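Visitor: Could you show me how to read a few features of a model like this one? I would like the general idea, then the case at hand.

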Amino acid sequence: DLESYLQRCQQLSVTVLTDHQDMSNTELKTITNSAAPQQYRIRAKLRTYKPQKLHQSVKLHCSKCNSLQEVPDRDDFDSILCGSAVTAPNPELHNTFWYESVIWTTRDQKQRVIAIHFVKHDEMLQHPEDTLLMIEGGTLKEIWKLAKRFKCVIPVRSTEDDLELLDLSAPFLLQGNVKYYGCKQCSSPKPMRYLSSIAAEQQPSWEPTEIAQVLGIELLQYVFIMKFTLVDETGALNAYLFDY
C-alpha cells in the first residue's frame with residue numbers, strides 16, 4: 001500500500017522521480033528561486049511526509065468555495081442522530097402521495113419512535129435496490145443496515161409542515177457504504193417534498209448529484225491530500241498531492 005511504499009522511500013538514500021526522462025536533473029535551490037509554472041526533473045531524498053496515517057489524508061472539498069474540512073467521525077454522526085431522535089415523528093406527515101410510511105416504537109428503555117418513509121414511483125413501492133427511503137429516529141446501526149439493503153437512505157426529522165435534513169455535519173445521504181456530505185457554507189437545504197420531482201420521473205435514478213441539486217445541497221467531494229518534503233544538497237522543497 002501507499003504507506004508502506006512511502007516508508008520504504010524514506011529508507012532509501014535517494015528517491016528518483018522517473019518522469020521526464022529526456023530532461024536533466026535540476027537542483028532544488030534552482031526550483032525554489034524560479035517563477036512558476038515550470039517543469040523539472042529532480043533527484044532528491046524524501047525527508048518527511050504528512051499525514052503519517054493514510055486515512056488522515058482523506059478530506060472533504062467544496063469546489064464552489066474551495067474549502068477543505070475533515071471527514072466527520074462516527075461519534076459526530078451518532079450524536080446528531082441522538083439529538084434528532086428527541087423530536088417525535090409528526091403523524092401529519094405520514095403516508096403522502098409520494099411516499100409510504102411505517103412507524104413503530106422500540107422495546108428498549110428509551111422507547112424510540114422510528115418512522116421510515118419509502119418513496120413511491122407511480123404510486124407503487126419499488127424494489128429495495130431501486131428505493132430511496134427517509135428515516136426519522138434511527139440509530140447509526142439501524143441506518144447502516146438499511147443502507148445495505150436499499151439504494152439510498154436519507155436521515156430526516158419532522159417539522160410542522162414537512163420533513164427536513166439533519167445538521168449538515170451529518171451525511172445528508174447514504175448509498176451503500178458511502179456517506180455524502182454537503183457544504184454548510186454553500187448549501188441552502190430545501191424540504192424533502194422537493195424529492196417528489198425525482199420520484200415523478202419515468203425512471204428515477206436516485207443519483208447523489210441529482211438528489212443534492214434538488215435539495216439545494218452543494219455536494220462535497222472526497223479528496224486525497226499529502227505533503228512531501230524533498231531534500232538534496234542545495235535545499236528543501238515541499239510537494240503537495242491533491243487528487244479526487
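Guide: Let's start with Tyr 99, which is buried, with a relative accessible area of 4%. Buried means under 20% relative accessible area, exposed over 50%, and partly exposed in between, using a 1.4 Å probe and protein chains only. This is a predicted model, where local features need pLDDT of at least 70 and side-chain atom pairs count only at pLDDT 80 or more, while totals for chains, interfaces and linings use all residues. Residues are numbered from 1 along each chain as its sequence is written, and side-chain values use heavy atoms, leaving out hydrogens and water.

Visitor: Is Trp 98 buried or exposed?

Guide: Trp 98 has a relative accessible area of 7%, so it counts as buried.

Visitor: How many aromatic pairs does the structure hold?

Guide: A pair of aromatic rings is described by the distance of the centres and the angle of the planes. Rings of Phe, Tyr and Trp (its six-membered ring) pair if their centres lie within 6.5 Å; planes under 30 degrees apart are stacked, over 60 edge-to-face, and the rest tilted. The structure holds 3 such pairs. One of them joins Trp 98 and Tyr 99, edge-to-face, at 4.9 Å centre to centre with 80 degrees between the planes.

Visitor: Why is the pair of Phe 118 and Phe 150 called tilted?

Guide: Their planes stand at 55 degrees, with the ring centres 5.7 Å apart, so the pair is tilted. The pair links distant parts of the chain, 32 residues apart: Phe 118 is in strand β6 (residues 113–121), and Phe 150 is in the loop between α4 (140–149) and β9 (152–158). Helices (H or I, at least four residues) and strands (E, at least two) are DSSP runs numbered from the N terminus. Phe 118 is buried at 18% relative accessibility, and Phe 150 is buried at 12%.

Visitor: Which cysteine is buried, with a relative accessible area of 0%?

Guide: That is Cys 152, whereas Cys 82 is partly exposed at 46%. A search of the whole structure finds 0 disulfides, a disulfide being a pair of cysteine sulfur atoms within 2.5 Å.

Visitor: Where is Phe 242 placed?

Guide: Phe 242 sits in strand β14 (residues 235–243). Its relative accessibility is 40%, so it counts as partly exposed.
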